[in-house]
Amino acid sequence: MVGKLTDYEDETRRRELFRRAEAVRQEYYGKDVYIRGLIEFTNYCKNDCYYCGIRASNHHIRRYRLDEEEILTCCKKGYRLGFRTFVLQGGEDPLYTPEKTASLVECIKRAYPDCALTLSVGEHPRQVYKQWFDAGADRYLLRHETADEEHYRKLHPASCSPENRKRCLWDLKEIGYQVGCGFMVGSPGQRPEHLEKDIKFICDLQPDMVGIGPFIPQSDTPFGRESAGNLELTLVLLAMIRVLLPSVLLPATTALGTLHRQGLEMGIQAGANVCMPNLTPDAVRDQYALYEGKTVENGGMKDEKQALDALKERMEKIGYRIVEGRGDRKNFVKISR
């Protein structure tokens, strides 16, 4: 057991937790850090979540959609750089129908059969998830945001429900995806007991990936004047998750790097083992504005090769190494399609 969050208000206890988490990830993954090529292919979204910069009612951003050719160009560029996982992330865009998304998945997997493909496009019926899995999708990221019902409703409009979000995650797991959940640290109204519920839900779900990062406000949302989440608490939670789920794939998220210039390194040293450099085209990258300052994903660099080389150097300085390959979770049992 890792105890309660209040146990780690003491600096000595925190340092011991970080050492323990690093030892666990060393046992399962050594010094390897997996990379995922992030392609943010649409910033249209039908939802109006209160914390999100691409919410439907935000009229201050320029909306865009990448077409199939543009997405495949991103994949081609990433493949040449050594990426063997692509992450297609977008809002819940009604014009990207289930059939259109399935066709896109098939095209990418046909062109790059040795690569893993991750989808992160929100909540959908079980049959739609199955359609995309049958088309070739390998992984699915869907943050649960908060496991507490009351807190969930403070962050989302009435059209969203915590029950449906959790239903989606269990459906994805049963279908056979490598599944990722996660939450924001320091989101408005969050209390320690909410975070404890999040940890319990994650332990119950046993996901393959967990994405957590500090809440960062976006100025064009109802939470635009709220304070950002706490970096130290985020690192503690990363370490706790590593200890509780030893083989989990655990990203050092962009939001960590937004709060601190060495946030990625801190995340890796706290037990994370994944980084997600951005392959989204320069012309639209700044418009995927989930929160303020998000353009630091590649260290502020627009050239993907330069950014990847810089990331490799940063990891080497702290004793880790970027590796090519799909980077599946250790001991994951693949279900036949």
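## A charge over a ring

Start with Lys 166: its charged end sits over the ring of Phe 201, 5.3 Å from the ring centre. A charge gets counted this way when NZ of Lys or CZ of Arg is within 6 Å of the ring centre and within 35 degrees of the ring normal. Lys 31 also makes the list, lying over the face of Tyr 320 at 4.4 Å from the ring centre.

A word on what you're looking at: this is a predicted model, where local features need pLDDT of at least 70, side-chain atom pairs count only at pLDDT 80 or more, and totals for chains, interfaces and linings use all residues. Residues are numbered from 1 along each chain as its sequence is written, and side-chain values use heavy atoms, with hydrogens and water left out.

## Overall build

Buried residues make up 58% of the 337 in the chain. Here, buried means under 20% relative accessible area, exposed over 50%, and partly exposed in between, with a 1.4 Å probe and protein chains only. The chain exposes about 14,200 Å², and carbon and sulfur atoms supply 49% of that; the areas come from the Shrake-Rupley method with a 1.4 Å probe, and for residues only the protein chains shown count as cover. As for contacts (heavy atoms within 4.5 Å), take the ones between residues at least 6 apart in sequence: 76% of them join residues at least 24 apart.

## The cores

The largest nonpolar core has 93 residues, and Phe 86 and Tyr 177 have the most contacts inside it. Helix 8 (residues 231-244) gives the largest share of this core, with nine residues. Apart from it lies another core of nine residues, among them Tyr 34, Val 87, Leu 141 and Leu 249. By a nonpolar core we mean a set of buried Ala, Val, Leu, Ile, Met, Phe, Trp, Tyr and Cys residues joined through side-chain atoms within 4.5 Å.

## Tyr 177 and the aromatics

Tyr 177 sits in the loop between helix 6 (162-175) and strand 6 (178-185), and it is buried, with a relative accessible area of 2%. Leaving out residues up to four places away in sequence, Tyr 177 touches Tyr 129, Trp 132, Phe 133, Ala 137, Asp 138, Arg 139, Tyr 140, Leu 172, Asp 208 and Phe 332. Tyr 177 also forms one aromatic cluster with Tyr 129, Trp 132, Phe 133 and Tyr 140. Its C-alpha is separated by 25 Å from that of Gly 267, 90 residues apart along the chain.

The structure holds nine aromatic pairs. Rings of Phe, Tyr and Trp (its six-membered ring) pair if their centres lie within 6.5 Å; planes under 30 degrees apart count as stacked, over 60 as edge-to-face and the rest as tilted. Tyr 79 and Tyr 112 have ring centres 5.1 Å apart and planes at 35°, so that pair is tilted. Tyr 79 is in helix 2 (residues 68-81) and Tyr 112 in the loop between helix 3 (98-111) and strand 4 (116-120), so the pair links distant parts of the chain, 33 residues apart. Tyr 79 is partly exposed at 26% relative accessibility, whereas Tyr 112 is buried at 12%.

## Positive phi

Most residues other than glycine have a negative phi. Glu 145, not a glycine, has a positive phi near 75°. Glu 145 lies in the loop between strand 5 (139-141) and helix 5 (149-155), buried at 8% relative accessible area.

Gln 206 isn't a glycine either, and its phi is positive at about 55°. You'll find Gln 206 in the loop between helix 7 (192-205) and strand 7 (209-214), partly exposed at 42%.

## Arg 329

Arg 329 is in the segment after strand 9 (321-323) and counts as buried at 18% relative accessibility. Setting aside residues up to four places away in sequence, Arg 329 touches Tyr 29, Gln 178, Asp 208, Ser 247, Val 248 and Leu 249. Arg 329 and Pro 207 are 122 residues apart in sequence but 10.0 Å apart in space, C-alpha to C-alpha.

Terms used
Helices (H or I, at least four residues) and strands (E, at least two) are DSSP runs, numbered from the N terminus.
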